[in-house]
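I opened this model to look up ring contacts and charge pairs. My notes follow the picture.

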Amino acid sequence: MSHPSQPSIRLTTAQALVRFLSAQYTERDGERHRLIAGTWGIFGHGNVAGIGQALVEYGELMPYHQGRNEQAMVHAAVGHARQCDRLSAQAVTTSIGPGATNLVTGAALATINRLPVLLLPGDYFATRAADPLLQQLEHPVEFDVSVNDALRPVSRYFDRITRPEALIPSALNAARVLADPAETGAVTLALPQDVQAEAYDWPAEFFAERVWPVRRPAPDPAELTEAVRAVRAARRPLIVAGGGVHHSRAEQALRSLVDATGIPVASTQAGKGALRWDHPQDVGGIGHTGTAVADALARTADLIIGVGTHLNITAFDAHKLAARTVVADARAALQALAGPLAGHRVDPSYEAEYRAGKERWEQVVEAAYRADDEDAVPTQTQVLGALDAVVGDDDVVINAAGSLPGDLHKLWRARSPRQYHLEYGYSCMGYEIPAAVGVQQAAPDTVVWALVGDGTYLMMPTEIVTAVQEGLPVNLVLIQNHGYASIGGLSEAVGGERFGTAYRYRAADGSFTGAPLPVDLAANAASLGMEVLRAKTVRELRAALATARAGDRPACVYVETDPAPTAPPAEAWWDVPVAETAGRPAAVRAREEYERQAADRRRHL
């Protein structure tokens with residue numbers, strides 16, 4: 001039986017990929033989004049003649065963004081995807097060699113946080129016509145290995161396109177994974193540079209508009225029945241809301257359920273803002289960086305209900321910690337629970353208990369935020385208090401690493417679902433500034449703040465230049481405390497004596513206890529094109545934050561803080577192993593405390 005010939009279009013592999021990506025969409029609840037909203041790129045010999053040329057060829061179809069650091073480009077794409085609730089992503093193209101290996105950290109962050117990003121690194125010649133070539137890793141046994149294979153363990157999907165026609169199934173699988181809430185993360189298509197430039201007669205249907213439905217899987221009826229039975233039997237239930245509540249846009253469903261049942265809600269770093277901070281059932285963050293009320297409830301709870309956490313989305317996750325499984329979309333599961341739990345409510349004494357705890361904690365927050373002397377050098381928690389007084393309900397506040405995540409999780413008053421943007425799955429220093437760029441691209445009318453300590457700033461200030469180039473009015477709050485405050489405190493607690501955690505001159509005895517280094521980070525930010533506002537006091541800080549928020553260009557508010565810790569202490573133990581034997585007294589004392597705490601540890605079987 002003969003078939004009429006299929007129309008074809010002759011393009012290079014790189015051109016075909018760009019055309020294909022520009023025609024891919026996601027759809028959920030009747031809303032359609034571009035799957036790949038734009039492409040970040042830094043060009044070298046591994047991609048300039050392939051993907052680079054294709055982006056020029058089809059510039060009207062695929063927006064291009066110029067980055068300064070390959071890892072930062074991935075962070076920007078991740079920030080964009082999170083702001084879009086994973087319904088839209090961005091691609092990142094790099095050369096072969098160091099450009100490709102610089103993607104690894106960003107890919108790990110994306111995959112751990114289950115946020116979609118498409119990585120397009122250049123690769124060696126598939127034909128081996130040039131062998132070896134510049135930046136090629138030569139393996140003496142496996143000649144098909146390149147540096148891009150370092151991306152395999154941190155990617156949710158990986159393929160090397162060694163023939164043009166191999167792109168067709170691989171591109172379709174890449175789009176499928178990017179659009180699937182249960183599978184998503186970093187997707188890598190390694191592109192040999194000769195294949196990028198090779199022409200092929202592509203079937204025209206490859207470039208047809210394609211819509212990928214984003215599913216809302218409903219809970220299994222048997223699992224749902226068991227879950228309802230467990231909730232009705234519990235006397236002290238506690239919901240832990242994770243980032244999936246936001247990704248699923250399940251905030252209203254969560255609120256409806258807890259309004260009806262009175263069950264309190266604690267939140268992970270990714271889930272904070274699932275309820276507004278002043279909602280009666282919101283008891284704040286949970287865990288080592290959590291609030292006293294949330295951690296106390298967790299210790300005495302007879303049922304923990306994870307919603308939108310890594311314990312819900314797949315069977316692989318749902319069986320962790322010996323949990324009862326309800327594998328489903330967060331919103332679908334909450335809505336399914338609402339009917340069977342109608343009329344059920346926790347005991348009034350339990351409500352009174354956690355509401356009193358919440359009230360006590362708000363007094364702690366007020367004390368941490370309060371500045372009795374407006375002309376004094378601010379503490380870090382007073383910086384948060386000043387920012388709290390300035391931000392609007394829909395502003396986005398971004399952070400990732402250092403001592404700020406702990407302070408924010410305990411103290412920040414999230415007023416809307418997307419306001420609190422903490423990357424804590426990988427806790428990656430350097431995330432904040434590029435992520436702010438990605439968020440600003442996704443939400444151009446939103447005020448975006450990147451909270452950055454001196455340590456993370458020194459690792460990756462590069463995308464300040466990108467914000468300036470693209471006219472993105474991101475606001476940077478740069479806090480100078482002369483070292484790694486978070487790890488310094490942890491080091492002291494585990495017997496490390498704060499070794500290697502301060503930015504100071506080396507003293508005569510070899511320790512870093514001398515004067516602070518004469519580093520002017522504000523001048524650096526100004527040199528990269530930012531408007532810089534220096535604040536030395538609480539009063540000046542409030543004024544500078546208000547000025548930055550009212551501006552229309554990238555701005556940096558620089559403040560040197562009093563290094564004395566002012567945040568409430570941790571309410572939950574963090575298992576960081578301590579040296580079992582040591583000669584220094586600090587380590588001996590730390591080990592004794594570790595053994596005391598570890599004695600209460602239990603395994604979930």
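I started at Trp 573, which is partly exposed because its relative accessible area is 32% (my cut-offs: buried is under 20%, exposed is over 50%, partly exposed is in between, with a 1.4 Å probe and protein chains only). Before going on, I noted that this is a predicted model, where local features need pLDDT of at least 70, side-chain atom pairs count only at pLDDT 80 or more, and totals for chains, interfaces and linings use all residues. Residues are numbered from 1 along each chain as its sequence is written, and side-chain values use heavy atoms, leaving out hydrogens and water.

How many aromatic pairs does the count come to? I get eight. (Rings of Phe, Tyr and Trp, the last by its six-membered ring, pair if their centres lie within 6.5 Å; planes under 30 degrees apart are stacked, over 60 edge-to-face, the rest tilted.) One of them is Phe 20 with Phe 206: the centres are 4.6 Å apart and the planes at 15 degrees, so I logged the pair as stacked. Phe 20 is in helix H1 (residues 13–22) and Phe 206 in the loop between strand E10 (199–203) and strand E11 (210–213), so this pair ties together parts 186 residues apart in sequence. (Helices, H or I of at least four residues, and strands, E of at least two, are DSSP runs numbered from the N terminus.) Phe 20 is buried at 0% relative accessibility, and Phe 206 is buried at 3%.

Trp 573 and Tyr 594 make a tilted pair, 5.6 Å centre to centre with 55 degrees between the planes. I also found a cluster of ring pairs linking Phe 20, Tyr 200, Trp 202, Phe 206 and Phe 207.

**Then charges**

I count 40 salt bridges (a side-chain nitrogen of Lys or Arg within 4 Å of a carboxyl oxygen of Asp or Glu). Arg 418 and Asp 85 form one, at 2.3 Å, N to O. Arg 418 is in the loop between helix H16 (404–411) and strand E17 (420–422), and Asp 85 in the loop between helix H3 (70–83) and strand E6 (89–94), so the bridge ties together parts 333 residues apart in sequence. Is Asp 85 buried or exposed? It counts as buried, at 3% relative accessibility, whereas Arg 418 is partly exposed at 33%.

Inside helix H14 (residues 348–369), Glu 351 and Arg 355 lie four residues apart, about one turn, and their side chains meet in a salt bridge at 3.3 Å, N to O.
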